[in-house]
Amino acid sequence: MKIMSVVGARPQFVKLAPIAAAATEAGHEHIIVHTGQHYDPMLSDVFFRDLGIPEPDAHLGVGSGSHGVQTGAILAQMDEVLERFTPDCVLVYGDTNSTLAAAVSAVKLHYPVAHLEAGLRSFNRAMPEEHNRVLTDHAADLCLAPTEVAMGHLANEGLADTSVLVGDVMTDVLFQVRDAVQADGTANPVADIDAPNGYYLATIHRAENTDDPERLREVVAALAAADRPVVLLAHPRVRAKAEEHGISLTTGSLIVRDPLAYPQLIAAALGSSGVVTDSGGLQKEAFLLRVPCTTVRFQTEWVETIELGWNVLANTTDEITAALTRPAPAATDAAPYGDGFAAARAITEIATRIGTRS
Ligand code: UD1
């Protein structure tokens, strides 16, 4: 069958890698549409290169904008792309504006939609991602859930019949990249910093942490007060907002670096004493690498990382300081994010549930 993946932002490229490989392996035609939501080479091109993803078949080049402008620009272009490729299934990923726009355009033209990473909920309606994921799940013909918890949320919303547990495709990529990093000795790109007692690796990019100056100021102050260097891999959004509000990102323990390519990110996380983040993906990656994580948010969709003791939600300076210096979590062999074969399962489910429709 002909499967069209629509992606646009950094974490979607990571998830696309195992899906592209699994679709090809299963003998399907796989079309890749890049919306252009992320366009900086370090947020886009390096993922295609390092993860061996084929070049996109179509690139919409929408760029940045307000939610309406960005979502609308994708919608406006997708009709033509869908009619040009006539896919048997449109596969959308996660919870970005690209996800929602692709899902809406596909259902309007009666193309079946499958949603990868379905069923995640923060129950925080102030998050743009929460609207995107709820609306996409309800538009989709098939919800591919990463966890049992996600399956429960889908069932609670009346979506049990269109939902199936496949595991988390990020686990597929992470295990492959971790093994490659360890086998080929990929250099830790932040090993050059002066950190005799180790360092923390940080990423902060979410709107709720960056767009309110008081909030950003508090998060930066907390990181600056850490007991060892904090390497902040600065997404363009946090750099821009800090500059706009006159907040220095190079105070106290903070060291600012550019975002890293995926293998380098994994090497840097593996070499760290802990991760501090508001990224969904990095919380899970830290858990899978068994690196303690501190999450600068009030909720997380990845509740398993908290329940197993490897992740802590922390927002004030005191909470962040306490979380960073907490004792090491208890070892666990729990595998709530699957076995590393979620992509193959997702492709099989798409083929059997959507590919066999007349
Ligand atoms: C988006 C997703 C978020 C995801 C994140 C991954 C939405 C609503 N949010 O957030 O869920 O976790 O991607 O990184 O879809 N910018 C650049 N270069 C780029 C892209 C963006 O400089 O290549 C800057 C622009 O100033 C832009 C801002 O970052 O306005 C925000 O970009 P956008 O794609 O709207 O949201 P993200 O914060 O990246």
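This report looks at aromatic ring pairs and at charges over rings in a predicted model. Residues are numbered from 1 along each chain as its sequence is written. Local features need pLDDT of at least 70, side-chain atom pairs count only at pLDDT 80 or more, and totals for chains, interfaces and linings use all residues, while side-chain values use heavy atoms, with hydrogens and water left out.

Let's start with the rings. Searching the whole structure gives 4 aromatic pairs. Rings of Phe, Tyr and Trp (its six-membered ring) pair if their centres lie within 6.5 Å; planes under 30 degrees apart count as stacked, over 60 as edge-to-face and the rest as tilted.

| Pair | Centre to centre | Angle between planes | Type |
|---|---|---|---|
| Phe13 and Phe47 | 6.4 Å | 45° | tilted |
| Phe13 and Phe48 | 5.1 Å | 55° | tilted |

Phe13 lies in helix H1 (residues 10-25) and Phe47 in helix H2 (residues 45-50), so their pair ties together parts that are 34 residues apart in sequence. Helices here are DSSP runs (H or I, at least four residues), numbered from the N terminus. Phe48 also belongs to helix H2, so its pair with Phe13 joins parts 35 residues apart in sequence. Together, ring pairs link Phe13, Phe47 and Phe48 into a cluster.

How exposed are these rings? Phe13 is buried, at a relative accessible area of 0%, and Phe47 is buried at 2%. Phe48 is buried too. Buried means under 20% relative accessible area (1.4 Å probe, protein chains only).

Now for the charges. Lys284 lies over the face of Trp302, 3.9 Å from the ring centre. Arg290 has its charged end over the ring of Phe287, 4.2 Å from the centre. A charge sits over a ring if NZ of Lys or CZ of Arg is within 6 Å of the ring centre and within 35 degrees of the ring normal.

Definitions and conventions
Helix = DSSP H or I, 4+ residues; strand = E, 2+ residues; numbered from the N terminus. Buried < 20%, exposed > 50% of the residue type's maximum accessible area, 1.4 Å probe, protein only.
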